[in-house]
Amino acid sequence: MPESALLSVASLRKVFKVRGARGARRVAVDEVSFTLEAGGSLAIVGESGSGKTTVARMIVGLETPTGGAIDVCGRSRTQPPRSVAERRRRGREAQIVFQEPYQSLDPRQRVGAAIDEVLRCHLDIGRRERREKVAALLDDVGLQRGHVDALPRELSGGQLQRVTIARALAVSPRLLVLDEAVSALDVSVQAQIVNLLAEIRERHGTSYLFISHDLAVVRHVSERTLVMRSGRVVEQGPTDRILDSPEHSYTQLLRASVPGPGWRPSRRPTAAQAR
């Protein structure tokens, strides 16, 4: 692991058992390797089923690797944590923001309580200090202090995603994994969240691992990009080079599939044209 690397992934592999098929296995991730430097931003792109989300889940501990190695902050994450203390330490080092913010929150829990719960779990601070920190976190993500008593159903999709980002930032993680964190939002709201992430990174020096299929968003949020297909890495390098001059045919296909100015959906042929 390079000294400057915050995250190092080497020969990562994940094999799942296929339900209903005795002895059948499916390789979801195969020999994936990359590093992410402290304060850097790396995007993993690919079509649905390429294995990029499985990589993210293994990094934060939601899946256990079948093989390979994961190091975060110089410590191995290849095996599950052996104690509650280790589990909490890993949570303070890396957090994840999922695609669907509403599904990430308890619909019966108010915003302030959701963030306060993380603080109580990880930090030994009093109620008053936690209340002040919750207010500061909401301010950091562009929400008002009045949102502290709101329920998830009372907020818009963009506001909910800001809440999940605030909750993830509550323990000041060194690494923030964003799994399709803006894909479910309207384009205008996407731009707001992308700008917010850039501000947070500049302010706190947080490293980002951005999982996405949206190349336009990737161009704005990442310095380096890794392209996955069928569980394997087909190309990686500086984002501008990957998107402007892709070398692999699959990356070229991904880039060609992005709609350009004046693009219109193709229409089905009429009966006369079909004949």
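A disulfide is a pair of cysteine sulfur atoms within 2.5 Å. The model is predicted, and local features need pLDDT of at least 70, side-chain atom pairs count only at pLDDT 80 or more, and totals for chains, interfaces and linings use all residues. Residues are numbered from 1 along each chain as its sequence is written, and side-chain values use heavy atoms, with hydrogens and water left out.

**Exercise 1. Cysteines**

Task: Determine how many disulfides the structure holds, and state how far the sulfur of Cys73 is from the closest cysteine sulfur.

Solution.
1. The count of disulfides is zero.
2. The cysteine sulfur closest to that of Cys73 belongs to Cys121; it is 18 Å away, which is too far for a bond.
3. Cys121 is likewise in no disulfide.
4. Cys121 has 33% relative accessibility and therefore counts as partly exposed. Buried means under 20% relative accessible area, exposed over 50%, and partly exposed in between, with a 1.4 Å probe and protein chains only.

**Exercise 2. Backbone and loops**

Task: Locate Cys73 and Glu180 among the secondary-structure elements, and give the phi of Cys73 and of Glu180.

Solution.
1. Helices (H or I, at least four residues) and strands (E, at least two) are DSSP runs, numbered from the N terminus.
2. Cys73 sits in the loop between strand E4 (67-72) and strand E5 (75-76). The phi of Cys73 is near 55°, a positive value in a residue other than glycine.
3. Glu180 belongs to the loop between strand E7 (175-179) and helix H7 (187-204). Its phi is positive, about 50°, although Glu180 is not a glycine.
4. Most residues other than glycine have a negative phi.
5. With 9% relative accessibility, Glu180 counts as buried.

**Exercise 3. Packing of H4 with H5 and H6**

Task: Characterise the crossing of helix H4 (residues 111-122) with helix H5 (residues 127-140), then that of H4 with helix H6 (residues 157-169).

Solution.
1. Two packed helices are described by the angle between their axes and the distance between the axes. Axes are lines fitted to C-alpha atoms, for helices over the stretch in contact, and angles run from 0 to 180 degrees between N-to-C directions.
2. The axes of H4 and H5 come within 10 Å and cross at roughly 120°. H4 is therefore oblique to H5. Angles under 35 degrees count as roughly parallel, over 145 as roughly antiparallel, 65 to 115 as roughly perpendicular and the rest as oblique.
3. The H4 and H5 crossing is right-handed. A crossing is left-handed if the near helix is turned anticlockwise from the far one by less than a right angle, and right-handed if clockwise.
4. For H4 and H6, the axes come within 8 Å and cross at roughly 20°, so H4 and H6 are roughly parallel to each other. This crossing of H4 and H6 is right-handed.
5. Val111, Ala114, Ile115 and Val118 of H4 make the contact with Val163, Ala166 and Arg167 of H6, where contact means heavy atoms within 4.5 Å.

**Exercise 4. Packing of H6 with H7**

Task: State at what angle the axes of H6 and H7 cross, and identify the residues in contact.

Solution.
1. The H6 and H7 axes come within 10 Å, crossing at roughly 20°. H6 is therefore roughly parallel to H7.
2. H6 passes H7 in a right-handed crossing.
3. From H6, Gly158, Arg162, Ile165 and Leu169 meet Val189, Gln192, Ile193, Leu196, Leu197 and Ile200 of H7.
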